[in-house]
Amino acid sequence: MPEPIKNMLSPTAIKEFAEAIKLVYVEFDIDGFCSAVADNDYDSLELMARGRKISVTLGKFLPAKYEDAITIIDKVISKFEGFAVYSFFEFVAMFGLEFWDVSVPALGRYTQYFSSEFAVRPFIIKDEKRMMAQMLEWSKSDNEHLRRLSSEGCRPALPWAVGLPKYKKDPSPILPILENLKADSSLYVRKSVANNLNDISKTHPELVIEIAKRWYGTDEKTNWIVKHGLRTLLKKSNPDALAIFGLGNADAVDVSDFVISNSTIEWGGDLIFSFVITAKQDTKARLEYGIDYMKANGKQNRKVFQISEIPLKEGQTKNYTRKHALADHSTRKHSAGTHAVTLIVNGQERGTLAFELVKN
């Protein structure tokens, strides 16, 4: 069984963290700091909560003068990698909002070590105009970490992060940043731009479709961003999104011999299904399937998975067989009962087959 992710900030890791600080700040109380962090409640905390607790405790053991504390972090942050660095970012977000001219440049320096994407958000909330102006400047930087931060930090629905509900209602302040990055040379940056667009598409699909139509076809790097940024709309079979990529004609593809290998599947087993497609004319086909999972409350919930996206010549036939695991894992727990698999071609459902998931 894999080790819990929260153990990235285990008591052993905390001690190593404290010892590194001690090397640059001799007055640092290693034992006191470790005891204050890893108290009786620490084992029950998950990863993000552990990181925040370390940050709060840093506020008690680093110098009271904020500028002096930042000087120490400047000296020690390069000695860390991975999630331990998060506590330094969170320290800035917790204690540095009133020290803008010290904190914001620090976040710019620190982002190369892990990413300041979580820590910039309280600054956006405190003074949107000022911080978004800074983010726009970062989007023009020669440093890919800063360019990526400018996009990732203002995503409306950044996972695990402080929410930016204002940008869910009106994402327009984000758009100049994305325009600057729409053909970025760095895949690291382009992924963030696509994820930002995908976030926006969940509340403003028409806006993202308009952007996609304007961007698509101008540059291969931009095309990649558009395709990845519209992934949620494509999975929802949005006709305008499908049309951008020439995937709007579902009638150009025939489907036959859609079958499942077993209508009763034991818990942890595999759903195996097959089908045949035939092109009635030259076309492009996006092939997906949806699993309607039975939930514990007796209702079904669909999850869509992509199979392929291919060009087809008139008369061309292709056979497909797919295996879908029905084992429990950290992000999905299964329930016994009637499930279903639906074949989807260019956004249109082309057949549904039910199956029973039973406990062995």
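Visitor: What covers the buried residues of helix 3?

Guide: The cover of those residues includes helix 1, helix 2 and helix 5. Covering rests on contact, that is, heavy atoms within 4.5 Å. The model is a predicted one, in which local features need pLDDT of at least 70 and side-chain atom pairs count only at pLDDT 80 or more, while totals for chains, interfaces and linings use all residues. Residues are numbered from 1 along each chain as its sequence is written, and side-chain values use heavy atoms, with hydrogens and water left out.

Visitor: Which residues of helix 3 are buried?

Guide: They are L47, M48, R50, G51, K53, I54, S55, T57 and L58. Buried means under 20% relative accessible area, exposed over 50%, and partly exposed in between, with a 1.4 Å probe and protein chains only.

Visitor: What span is expected of helix 3, and what span does the model give?

Guide: The expected span is 1.5 Å times one less than the number of residues. Helix 3 has 15 residues, for which 21 Å is expected, and it reaches 21 Å from its first C-alpha to its last. Helix 1 (residues 11-24) has 14 residues and reaches 21 Å, close to the expected 20 Å. Helices here are DSSP runs of H or I with at least four residues, strands are runs of E with at least two, and both are numbered from the N terminus.

Visitor: Why are the buried residues of helix 1 said to line one face?

Guide: The buried residues in helix 1 are I14, F17, A18, A20 and I21. Seen down the helix axis, they fall within an arc of 160°, so they line one face. The arc is taken from the directions from the axis to the C-beta atoms. T12 and L23, on the other side of helix 1, are exposed. Among the elements covering the buried residues of helix 1 are helix 2 (30-37), helix 3 (47-61), helix 4 (66-76) and helix 5 (86-95).

Visitor: What makes helix 5 "mostly covered"?

Guide: Eight of its 10 residues are buried, namely Y86, S87, F88, F89, E90, F91, V92 and A93. The cover of helix 5 includes helix 1, helix 3, helix 4, helix 6 (100-110) and helix 7 (120-126).

Visitor: Is V85 buried or exposed?

Guide: V85 has a relative accessible area of 0%, so it is called buried. V85 is in the loop between helix 4 and helix 5. Not counting residues up to four places away in sequence, V85 touches I77, F80, Y113 and F114.

Visitor: What is the phi of W160, and what is that of N346?

Guide: The phi of W160 is near 70°, a positive value in a residue other than glycine. N346 is not a glycine, yet its phi is positive, about 50°. W160 lies in the loop between helix 9 (144-152) and helix 10 (165-169), and its relative accessible area of 58% makes it exposed. N346 lies in the loop between strand 7 (337-345) and strand 8 (348-358); at 4% relative accessibility it counts as buried.

Visitor: Which residues line the largest pocket?

Guide: The lining is N198, K202, R231, T232, K235, K236, R302, K303 and V304. On a 1 Å grid over the protein atoms alone, a pocket is an open set of points where a 1.4 Å probe fits, with protein on both sides within 12 Å along at least five of seven lines, and lining residues have an atom within 4 Å of a point. Helix 15 (231-235) and strand 5 (300-312) each supply at least two residues of this lining.

Visitor: What volume does the largest pocket have, and how do its lining residues divide?

Guide: The volume is about 170 Å³, meaning the space filled by probe spheres set on the points, which are joined across faces, edges and corners. The lining divides into one nonpolar, two polar and six charged residues. Asp, Glu, Lys and Arg count as charged; Ala, Val, Leu, Ile, Met, Phe, Trp, Tyr, Cys and Pro as nonpolar; and the others, Gly among them, as polar.

Visitor: How many helices and strands does the chain have?

Guide: The chain has 16 helices and eight strands. Buried residues make up 48% of its 360 residues.
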